[in-house]
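Colleague: I have just opened this one and would like to go through it slowly. Could you walk me through the chains and how they meet?

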Amino acid sequence: MWAFIHKLGSPKWFYGISAKLQPWFWAAAALLIVTGSLWGLAFAPADYQQGNSFRIIYVHVPAAFLAQSIFIAMAVSGLVFMVWKIKVADMAAAVMAPLGAAMTFVALFSGAVWGVPTWGTWWMWDARLTSMLILLFLYLGVIALRGAFTSRDSASRAASVLAMVGVINIPIIKYSVDWWYTLHQPASFTLTSRPAMPTEMWLPLVIMVLGFYSFFIALTLMRTRSEILRREANKRWVQDLVNGQVEEAR
Amino acid sequence: MHSSSQSSETNQQVLAVPLREHKGGLMTAVKATLMRDLTLMLRRRGEVLNPLVFFALVITLFPIAISPDPELLAVIAPGLLWVAALLAALLSLDSLFRSDYDDGSLEQLLLAPQPLVALSLAKVAVHWLLTGLPLALMAPILGIILALPAGSYAVLALSLALGTASLSLIGAIGAALTVGLARGGVLLSLLVLPLYIPVLIFGAGAVQAAILGDGVSAHLAILGALLAASLMLAPWAIAASLRISING
Amino acid sequence: MAFDSFAEFLAMGGHAPYVWSAWGVTALLLLATVWHARAEQRQLLKGLKRRARRANSARGNAQ
């Protein structure tokens with residue numbers, strides 16, 4: 001077990017194994033997202049209340065799921081980095097943050113656009129949208145803090161601490177915002193919480209969610225590999241690897 | 001960690017002296033930190049008064065910007081008072097560790113044999129005593145000029161006293177993370193404000209409930225729970241962040 | 001199939017601007033992140049290779 005963890009922690013080992021894993025996740029992501037999109041856009045029946053505008057759910061919900069999951073993944077990576085000093089964990093956390101912020105933005109944008117046909121306005125202080133907006137600020141804070149340090153080690157540790165503090169606060173923020181929303185707006189019509197969605201409606205949603213998760217894993221593997229090259233450029237194994245590629249090109 | 005191999009030598013020298021003088025003097029060290037910070041802060045009255053003046057000024061701006069109509073003001077007063085107090089507390093955060101960082105006494109605190117968690121908690125306690133508590137005591141006076149309905153003044157002060165303690169604890173994490181940065185001020189508010197939202201919701205909610213005549217005990221209980229949670233968790237994060245800022 | 005014709009599919013029952021803008025922005029962002037990751041990787045490898053070649057030729061000149 002320990003040997004495995006430390007092996008996983010070695011950038012060289014990770015660089016090798018991620019090269020093998022990456023294509024599978026890209027393929028899964030492409031297959032799932034294309035299938036889910038076609039199904040959700042063209043084949044799923046229209047909603048009896050919202051008509052075709054409900055099809056926004058197939059991008060809104062996966063993005064919102066991913067936005068929250070990425071923050072948790074980032075905090076867990078931060079914890080692994082702080083406890084076991086595994087650098088790959090911090091590299092992964094560093095590349096996850098922008099994707100998480102992008103997903104939060106997608107969830108916010110699709111929610112706002114969905115609001116026009118549903119509520120007749122671009123923005124409602126709906127509980128889900130409000131929590132998403134706060135999550136976006138949390139992401140921006142982590143990204144900005146990492147960028148503010150000149151020493152990479154300090155930046156990594158500071159970002160890890162902030163991600164952990166944030167992840168403890170996310171459920172608290174979520175519950176207090178939910179509570180605040182029900183107090184001020186007696187639950188009129190929330191975007192996605194509805195009783196018993198028929199199978200042909202939620203199955204494409206499940207496929208899209210899985211597709212988004214595969215995309216996240218594939219992209220994180222890819223960008224972590226780049227981050228490894230960037231940080232380990234002076235290491236022997238990277239230079240050997242590059243030399244090998246240069247020789248091959250001749 | 002490994003970047004300061006030089007300071008680890010001095011580290012041991014400093015360590016040796018207080019250990020011999022009083023063994024495990026945790027309470028002594030906490031008390032000394034409390035007294036030192038109180039004395040220092042009281043000597044710089046400006047820093048204590050600035051957040052209070054800011055609070056009063058911001059509250060003055062709202063009727064001018066919105067309307068002097070007392071009925072309208074009464075509706076929005078709880079939210080305005082809470083937001084303004086929150087911003088005033090935020091304003092004072094930057095100075096929490098700044099001067100100690102500049103004159104090197106923060107480094108001494110890290111090298112002390114007593115746990116940094118307890119010492120940083122003492123520093124935060126002083127910060128609350130000199131910003132949060134005065135803000136809470138001052139809020140009812142500003143409530144009067146905002147035509148805050150009667151019967152909610154005590155709740156306003158109490159909710160602010162409870163809430164600003166959480167704000168000081170959470171804010172100290174951000175202050176500790178940014179104390180080593182040259183331009184940490186704006187970053188500090190970006191880090192800290194999103195984390196303030198639960199306290200704001202229940203703090204302003206308590207005052208609103210008091211105006212409506214609902215029970216306020218639930219709100220105050222949740223504010224107390226938030227304070228208990230931050231008391232348990234925040235000092236560890238503050239200590240870890242201070243170590244990062246000093247050793248980095 | 002929930003639609004009778006392709007034109008109807010595009011119209012989305014009158015909700016076309018909302019559905020397509022939400023989906024469009026999402027697709028654009030996903031593609032942009034992939035493009036950015038690819039460009040980043042290529043650029044890094046290119047830089048590393050250039051450095052390696054320079055180091056190799058420097059070694060060759062010295063000999």
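**Chains and contacts**

Modeller: Chain B and chain C do not touch, and their nearest C-alpha atoms are 25 Å apart, where contact means heavy atoms within 4.5 Å. This is a predicted model, in which local features need pLDDT of at least 70 and side-chain atom pairs count only at pLDDT 80 or more, while totals for chains, interfaces and linings use all residues. Residues are numbered from 1 along each chain as its sequence is written, chains are lettered from A and ligands numbered from 1 in the order in which they are written, and side-chain values use heavy atoms, with hydrogens and water left out.

Colleague: Which chains share the most contacts, then?

Modeller: Of the 2 pairs of chains in contact, chains A and C share the most contacts, and that contact takes 44 residues from chain A and 32 residues from chain C.

Colleague: And what area do chain A and chain C bury between them?

Modeller: They bury about 3400 Å², 74% of it on carbon and sulfur atoms; buried area is the accessible area (1.4 Å probe) that two parts lose on being put together, summed over both. Leu41(A), Asn52(A) and Met222(A) supply 16% of the area that chain A buries against chain C, more than any other three residues.

Colleague: How many salt bridges are there between chain A and chain C?

Modeller: The count is 2, a salt bridge being a side-chain nitrogen of Lys or Arg within 4 Å of a carboxyl oxygen of Asp or Glu. One such bridge joins Arg230(A) to Glu40(C), with the closest N and O atoms 2.7 Å apart.

Colleague: Changing topic, how many aromatic pairs are there over all chains?

Modeller: A search of the whole structure finds 10, and rings of Phe, Tyr and Trp (its six-membered ring) pair if their centres lie within 6.5 Å, with planes under 30 degrees apart counted as stacked, over 60 as edge-to-face and the rest as tilted. The rings of Phe71(A) and Tyr139(A) have their centres 5.1 Å apart and their planes at 65°, so the pair is edge-to-face.

Colleague: Are Phe71(A) and Tyr139(A) buried or exposed?

Modeller: Both Phe71(A) and Tyr139(A) are buried, where buried means under 20% relative accessible area, exposed over 50%, and partly exposed in between (1.4 Å probe, protein chains only).

Colleague: Last one, what does Ser156(A) touch?

Modeller: Not counting residues up to four places away in sequence, Ser156(A) touches Phe81(A), Asp90(A), Arg146(A) and Arg231(A). Ser156(A) is itself buried, with a relative accessible area of 2%.
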